[in-house]
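Have a look at the fold, then read on.

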Amino acid sequence: MTASTETRKFEAEVAQVLHLVTHSLYSHKEIFLRELVSNASDACDKLRFESIAQPELLAGEGELHIDVSWDEQARTVTVRDNGIGMSRDEVVANIGTIASSGTRRFLEAMSGEQKADARLIGQFGVGFYSAFVVADKVTVLTRRAGAPAGEGVKWESDGKGEYALEQVELGERGTTVVLHLKADEDEFLKRWQLASLIRKYSDHVAFPIRMPKEEDGKPTGEWETINDAGALWTRPKSEISDEDYISFYKSLGHDFNDPLAWTHNRVEGSQSFTTLLYLPAQPPFDLMMGGRDERKGLKLYIKRVFIMDAAEELLPNYLRFVRGVVDADDLPLNVSREILQHNRQLDRIKAACVKRVLDLIEKLARDEPEKFATFYKAFGNTLKEGIAEDADNRERIAKLLRFASTRSEGAGATVGFDDYIGRMKVGQDAIWYITADSYAAAAGSPQLEAFKAKDIEVLLMSDRIDEWMLGSLSEYDGKKLQSVAKGEVPLDEADRKKQEEAAKAAEPLLAKMKELLGDRVGDVKVSARLTDSPSCLALSDYEMAPHLARLLREAGHDMPESKPTLEINPQHALVQRVETEADKDKAADLASLLLEQAEIAAGAQLPDPAAFVRRMNRVLLG
């Protein structure tokens, strides 16, 4: 039975991806073979898992394998697997659309000033489309395991915006991808070239990758296995080279870059399992956004049988950047996600994985600071999520965090809590910090002035996640974390007496400021924080930083209105002008500007920017 051919248009974003991949991806073109073989391996893995409950799915061809062949006359390269195959709906969903939330950022990256590179392919889960780098037409023939022969599907496209769908008769399950090569891609019609690429990129795929034997330069009907086809993680570490680990990572993680580090361990005893875990060198573009929902982390195997991509059960969310495999000996083969969520054995495996990953990161921090800096730049913010999510390891995670500080050079996050504590002044009992929405705003905040004058180091926290993280991190190593914008500034006896005298002397000024500002402020006080600036905001211990409140409002959250406490420096000329200004309207303008500049410095959103501009102009014009 053959149905009529249906022509469909790609979704708009798919068409854009195809155009950019086809016209911009010049380097490392051979990546297409790794991506197609990896997809074929996934299909075999899925069939092996589904056949546990439905053995009849393996009928016909019990041995799962991947075949790569070529035809010089037809100018085609063919990758075939006898895995799970696809139904018509699955073909449309998997090839006609891209469901990745990172697609938009992929398009922006590929079309921006940055030169397009093959490494972007793996970061967005669009590996199939790399076929169009070398092919001007791609044909896919597929039939889902268990479906009748008449429900085969033929998909074909030249990558220019449309694809054709046709129902066809297929005698065998699985998927065949035929690449019709472009005129200048003759190198991929050579057996030695294809074989060398398989060994380079896919040697450790756990299924046989076969190619036809060749006689007199012509393929024969006899097949031979090209790859190692063994589960790398089951071999002794002493037999595995760094090149083997790196090659396996690239086939596993769809990443063109080398991994930053890895850890390979076998646990024996009442519960036996093997873990092989990698830290990538770069994050995928959707790590912070879609990455939380579309996680592709660790693969779970049971006695070398692939079960699922089970990152949600095998690692906590804040370690979702880790790639690798877990192979357990003691879990049932018919395990499901629901069972995993309540499995005590898996809880122990998860705890072991977390420990191994944190051990690995700690080793980098201790022994390889340059690699650790690379890791922290890529994943530091993701790691911070663990402060709130993983109470058992909170102290270990906090030890790994790095920030800029008033003692460090530039905006680089290089100062850890242990570094800070090692430099604390005698008698200092708190770790002081400031949060802001940029490094410049943190480093230039007027709230730092008294701390700089007293030579007290302050950590400068300028990532959006920092204020949220600090809600779960109140102390480290027995030292309280204290915001310079909250509570009272530490004063010795002499300074405290001086502060009290200044506050008493300024009582008439404070009363005047409160009257001028009315219900725009909760209170006006003389500041112990300021030495050079005229004003700043002060927060209560449990009040949200203004820049975070602004971001939450912009995200659509209802935030309770709070009236700030304005702190003033009575020695500053602008403050003294308020005190001496007899014209009430001019005094009101000056008082308002003192409040508004304090709000701007704290990252708050002015309720009426136009009124601020008019006031500023009136003051400037005198």
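## Sheets and helix packing

Nine strands make up an open sheet in the order β1-β6-β5-β4-β7-β3-β2-β8-β9, and their pairing is mixed. Its edge strands, β1 (6-9) and β9 (218-225), each pair on one side only. On average, neighbouring strands of this sheet are turned by 20° against each other, direction ignored.

Please keep in mind that this is a predicted model, in which local features need pLDDT of at least 70, side-chain atom pairs count only at pLDDT 80 or more, and totals for chains, interfaces and linings use all residues. Residues are numbered from 1 along each chain as its sequence is written, and side-chain values use heavy atoms, with hydrogens and water left out.

Helices (H or I, at least four residues) and strands (E, at least two) are DSSP runs numbered from the N terminus, and two strands pair if DSSP finds at least two bridges between them. Axes are lines fitted to C-alpha atoms, for helices over the stretch in contact, and angles run from 0 to 180 degrees between N-to-C directions.

- Strands β5 (residues 152-157) and β6 (residues 162-168) pair in the antiparallel sense over five bridges.
- Within this pair, V153 stands opposite Q167 in β6.
- Helix α2 (residues 31-53) packs on the sheet and touches β2 (66-71), β3 (76-81), β7 (174-181) and β8 (209-215), where contact means heavy atoms within 4.5 Å. The direction of α2 makes about 145° with that of β2.
- Helix α6 (residues 191-202) also packs on the sheet, touching β2, β3, β8 and β9, and its direction makes about 155° with that of β8.

- Strands β16 (residues 430-435) and β17 (residues 459-461) run parallel and are joined by three bridges; I434 has L460 in β17 as its bridge partner.
- Seven bridges link β10 (residues 261-267) with β11 (residues 273-279), and these strands run antiparallel. T263 has L277 in β11 as its bridge partner.
- The hairpin of β10 and β11 has five residues between the strands, and G269 takes a positive phi near 140° there.

**Helices packed against α21**

- Helix α21 (residues 584-601) and helix α22 (residues 609-621) have axes that come within 10 Å and cross at roughly 125°. That makes α21 oblique to α22, given that angles under 35 degrees count as roughly parallel, over 145 as roughly antiparallel, 65 to 115 as roughly perpendicular and the rest as oblique.
- α21 passes α22 in a left-handed crossing; a crossing is left-handed if the near helix is turned anticlockwise from the far one by less than a right angle, and right-handed if clockwise.
- D589, L590, S592, L593, E596 and I600 of α21 make this contact with F612, R615, M616, R618 and V619 of α22.
- The residues of the α21 and α22 contact divide into six nonpolar, one polar and four charged (Ala, Val, Leu, Ile, Met, Phe, Trp, Tyr, Cys and Pro count as nonpolar, Asp, Glu, Lys and Arg as charged, and the others, Gly among them, as polar).
- Helix α20 (residues 573-580) packs with α21 at an angle of about 150°, their axes 8 Å apart, which makes α20 roughly antiparallel to α21. This crossing is left-handed too, with α20 passing α21.
- In α20, L574, V575, R577 and V578 meet A587, L590, A591, L594 and Q597 of α21; these residues divide into seven nonpolar, one polar and one charged.
- Helix α18 (residues 507-517) packs with α21 at about 90°, with the axes 9 Å apart, and the two are therefore roughly perpendicular.
- K512, M513, E515, L516 and L517 of α18 touch K584, A587, A588, A591, S592, L594 and L595 of α21. By class, this contact has eight nonpolar, one polar and three charged residues.

**Salt bridges**

- The structure holds 42 salt bridges, each a side-chain nitrogen of Lys or Arg within 4 Å of a carboxyl oxygen of Asp or Glu.
- D359 forms a salt bridge with K355, with the closest N and O atoms 2.9 Å apart. D359 and K355 both lie in helix α10 (residues 344-367), four residues apart, about one turn of the helix.
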